[in-house]
Amino acid sequence: KNIVILLSGRGSNFEAILRTARAENWEAEGLRIAAVFSNRPDAKGLATARAEGLDAFAVDHKAFATREAFDEELARRIEPYEPAVIVLAGFMRILTPGFVSRWEGKILNIHPALLPLFPGLDTHRRCIEAGCRVHGSTVHFVSAVLDGGAIIGQSVVPVMTTDTPDTLAARLLPYEHKVYPKCVKAVAEGRVKLVDGRAVMDDATA
Ligand code: GRF
C-alpha cells in the first residue's frame with residue numbers, strides 16, 4: 001500500500017512519518033512511502049526526501065494559470081502510485097473539490113489547532129489571544145471545507161501565560177510528530193475509515 005506525501009516547506013511531519021515507518025518496519029506490513037511531491041521546488045522537505053532516496057518531485061503551482069490546472073497535473077502525477085493514503089504534511093495549497101472527491105477518505109491533513117477551533121492560518125497566535133488554556137493539533141480527513149473534514153486524532157498541550165506563538169508552536173510540534181504517523185498508519189491499514197462524514201475506527205486502539 002502506497003503512501004504519497006504532499007508538502008510545501010520544512011517537512012518535519014514528513015520526516016517523523018518516515019522515521020516512524022522505518023523504526024516500526026511498516027514495509028513488513030506492505031506500507032511504503034512511495035513518493036513525495038512539493039508545490040515549492042525549494043522546500044526543505046523535498047531535499048530531505050531526495051536525500052533519503054525517495055521518489056521526490058516538484059510540481060510548481062506558479063507554472064499553472066488556475067488552481068484546477070495545478071490540481072489536475074498533481075493528480076496525474078500521483079495516480080500511477082495508486083495511493084492508499086495521501087498525506088498533507090505542511091502542504092500550503094487548498095485542494096479543489098475535484099481533487100478531494102477523487103481520493104475521498106484517503107487524504108489526510110494535520111492542522112495545528114484543536115479543530116473545530118481555529119481553522120485557517122495563524123493558529124498559535126489566535127489560540128493565545130483567545131485565552132485558551134490548552135492548544136493542540138488535529139489529524140483529519142480532507143473534505144471540500146478547509147480544515148473541516150472528519151477528525152481522526154488530536155494531541156493536546158497546555159498554554160502558558162508566557163507563551164508566544166513561537167514557543168507554543170515549538171511545544172506542540174513533537175506531539176504532531178507522534179499523532180500523525182499513528183493516524184497515517186491506521187488509515188493506510190484500513191483501521192480508520194471515513195463513513196458518512198465521520199471517522200470510524202474498527203477498534204479502541206486505532
Ligand atoms: C505543522 O505545524 C502542521 O501542523 C501544519 O504545518 C506545519 C508543517 O510543518 N499543517 P512541517 O513542514 O511538517 O515541519
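Q: Which residues come nearest to the ligand?
A: Of the 14 residues around the ligand, the nearest are Arg10, Ser12, Asn13, Gly90 and Pro112, where a residue counts as near if its C-beta atom, placed from the backbone, lies within 6 Å. This is a predicted model, in which local features need pLDDT of at least 70, side-chain atom pairs count only at pLDDT 80 or more, and totals for chains, interfaces and linings use all residues. Residues are numbered from 1 along each chain as its sequence is written.

Q: And which elements supply at least two residues of that shell?
A: Those are α1 (12-23) and β5 (107-111); helices (H or I, at least four residues) and strands (E, at least two) are DSSP runs, numbered from the N terminus.

Q: OK, β5 then: are its faces covered or open?
A: Both faces of β5 are covered, since Ile107, Asn109 and His111 on one side and Leu108 and Ile110 on the other are all buried, and a residue is buried if 20 or more other C-beta atoms, placed from the backbone, lie within 10 Å of its own.

Q: Which strands does β5 run beside, and in what direction?
A: Strand β4 (residues 83-88) is parallel to β5 and joined to it by three bridges, while strand β6 (residues 134-141) is antiparallel to β5 and joined to it by four bridges; strands pair if DSSP finds at least two bridges between them.

Q: Changing topic, how many residues are in the largest nonpolar core?
A: The largest nonpolar core has 51 residues, and those with the most contacts inside it are Ile3, Ile5, Val87, Leu108 and Val184; such a core is a set of buried Ala, Val, Leu, Ile, Met, Phe, Trp, Tyr and Cys residues joined through C-beta atoms within 7 Å. Helix α6 (residues 165-188) gives the most to this core, with seven residues.

Q: What is valine 184 in contact with?
A: Leaving aside neighbours within four places in sequence, valine 184 is in contact with Ile3, Ile17, Val85, Val87 and Leu108, contact meaning that two C-beta atoms, placed from the backbone, lie within 7 Å.

Q: Last one: why does alanine 21 count as buried?
A: Alanine 21, which lies in helix α1, is buried because 20 other C-beta atoms lie within 10 Å. Not counting residues up to four places away in sequence, alanine 21 touches Trp26, Leu31 and Ile33.

Technical notes. A residue is buried if 20 or more other C-beta atoms lie within 10 Å of its own, exposed if 12 or fewer, and partly exposed in between; C-beta atoms are placed from the backbone.
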